[in-house]
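Hi there,

Here is the structure I promised to pass on to you. Have a look around first, and then read my notes below.

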Amino acid sequence: MIPKESYGCGNINTIPSFQIPDLYEYFYELVKQIPEGSISTYKFLACALGDCRAARAVGQLLKGNPRPIVVPCHRVIMSDGAPGGYAGPHTEKKIALLRKEGVYFQDGRVRDFEGILFRDFETTYPLRTLREEQQRIGQEIVIPEEQHRDFKTVLGLDISYHDREARGAGVLFEEDEVIEEVVVEGRVDFPYISTYLSYRELPVYLRVLEQLKQKGIVPELVMTDGNGILHPRGCGIGAHLYHLTGLPVVGVAKSRLCGTTGEFREMLEFGVDCTGKGIAAEVHYDGNLLGHAFIYNAKKVKNPVFVSPGGGVSFQDGLRAVAGCSRFRLPEPIRAAHRLASRWE
DNA sequence: GCGACAG
DNA sequence: ATCTTGTCGC
């Protein structure tokens, strides 16, 4: 792993986890291994990627197959033998293609399912490798005790997409003023897979930070659109970013990835001095406090955001920073980054 | 009926 | 995230 002091200085391809081959292409090569006359399932492909729970992501990847037939996505069916979808409503087309290959359906299920099921994928299980890396990083992160720290400059990060084309944005706030904006564009080589978000978006974020560094700017606090340590392996995108850069990071997610939320209380009762700014509830996972569900204005807003430190900042200081720069449901730096990233031309 | 998983 | 009509609620 690159040293913390040199964030953004090196080629991201020198980071071990980013040497993983283009996962889109890797996946399509897996699909090409299914021989004519055989079928496989979304779940077996997910297992071949290295995470059996990523079956949904497999469905999304097949949906985006750029080379139908060449990449025989029609040979991928559901675990119960049902055909599953094909190019939208064209399940009939899928059935016809399979019939031509000698695969037949009976009562809506593939006949001799077990007999023609292909499961011997040649694979290195890339997601397993990444999961192990996340586990390692998550274990290393220690969240400091409250320091009553105020952050003069806060950087909001976000990305928008057109398929694999990404537009990443960083907006730096000082007090309530925008003092710097950075945009980077590029192509991502990792799909969205829940719990692996950082492998898709971190390369873009690192380029934003590098741009800022070249301008002599180092933010005091970074806010990511996604969790900090509130993650099954303690390694959400904010935590991973902290690990790579050493910058204080607080993660803000719009929906719950994991954990259970307790009772909402006035923030003052948490010892977080944000009277009138909102309410919060602890989020626990595996018996550990990993973050807070936070509602900025309970009168107006119903859904909480999920705030968790990535590292370099305490739970309370991170929460207070988010509350302090919130005017609507999401903190202003993230809203601004979201708007900037969405401005394609 | 289970599980329901950031962007 | 992105694609998007009609619907719900302050």
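Let me start with a question: is Phe-121 buried or exposed? Phe-121 has a relative accessibility of 9%, so it counts as buried. The cut-off behind this step is that buried means under 20% relative accessible area. Please keep in mind that this is a predicted model.

**Aromatic pairs**

A search of the whole structure turns up 3 aromatic pairs. One of them brings together Phe-27 and Tyr-28: the ring centres are 5.5 Å apart and the planes meet at 70°, so this pair is edge-to-face. The reasoning here needs one cut-off, namely that planes over 60 degrees apart count as edge-to-face. Phe-27 is buried, because its relative accessibility is 0%. Tyr-28 also counts as buried, at 3%.

Phe-121 from my opening question belongs to an aromatic pair too, with Phe-118 as its partner. Their rings lie 4.9 Å apart, centre to centre, with 85° between the planes, and this pair is edge-to-face. With a relative accessibility of 14%, Phe-118 counts as buried.

**Charges over rings**

For Arg-233, the ring is that of Tyr-196, and the charged end is 5.3 Å from the ring centre. For Arg-265, the ring belongs to Phe-270, and the distance to the ring centre is 4.8 Å.

**A glutamate in a loop**

Where does Glu-101 sit? You will find Glu-101 in the loop that runs between α4 (91–100) and β3 (105–106). Its relative accessible area is 16%, so Glu-101 is buried. Setting aside neighbours within four places in sequence, Glu-101 is in contact with Glu-36, Gly-37, His-74 and Arg-75. With Arg-75 there is also a polar contact of 2.8 Å between the two side chains.

**Around the DNA**

Finally, turn to DNA strand C. Lys-254 places a polar side-chain atom 2.9 Å from a phosphate oxygen of DNA strand C.

Enjoy exploring, and write back with any questions!

Best wishes

Methods
Residues are numbered from 1 along each chain as its sequence is written. Chains are lettered from A and ligands numbered from 1 in the order in which they are written. This is a predicted model: local features need pLDDT of at least 70, side-chain atom pairs count only at pLDDT 80 or more; totals for chains, interfaces and linings use all residues. Side-chain values use heavy atoms; hydrogens and water are left out. A polar contact is a pair of N or O atoms within 3.5 Å; within protein, one must be able to donate a hydrogen and the other to accept it, and residues adjacent in sequence count only if both atoms are side-chain atoms. Rings of Phe, Tyr and Trp (its six-membered ring) pair if their centres lie within 6.5 Å; planes under 30 degrees apart count as stacked, over 60 as edge-to-face and the rest as tilted. Buried means under 20% relative accessible area, exposed over 50%, partly exposed in between (1.4 Å probe, protein chains only). A charge sits over a ring if NZ of Lys or CZ of Arg is within 6 Å of the ring centre and within 35 degrees of the ring normal. Helices (H or I, at least four residues) and strands (E, at least two) are DSSP runs, numbered from the N terminus. Contact means heavy atoms within 4.5 Å.
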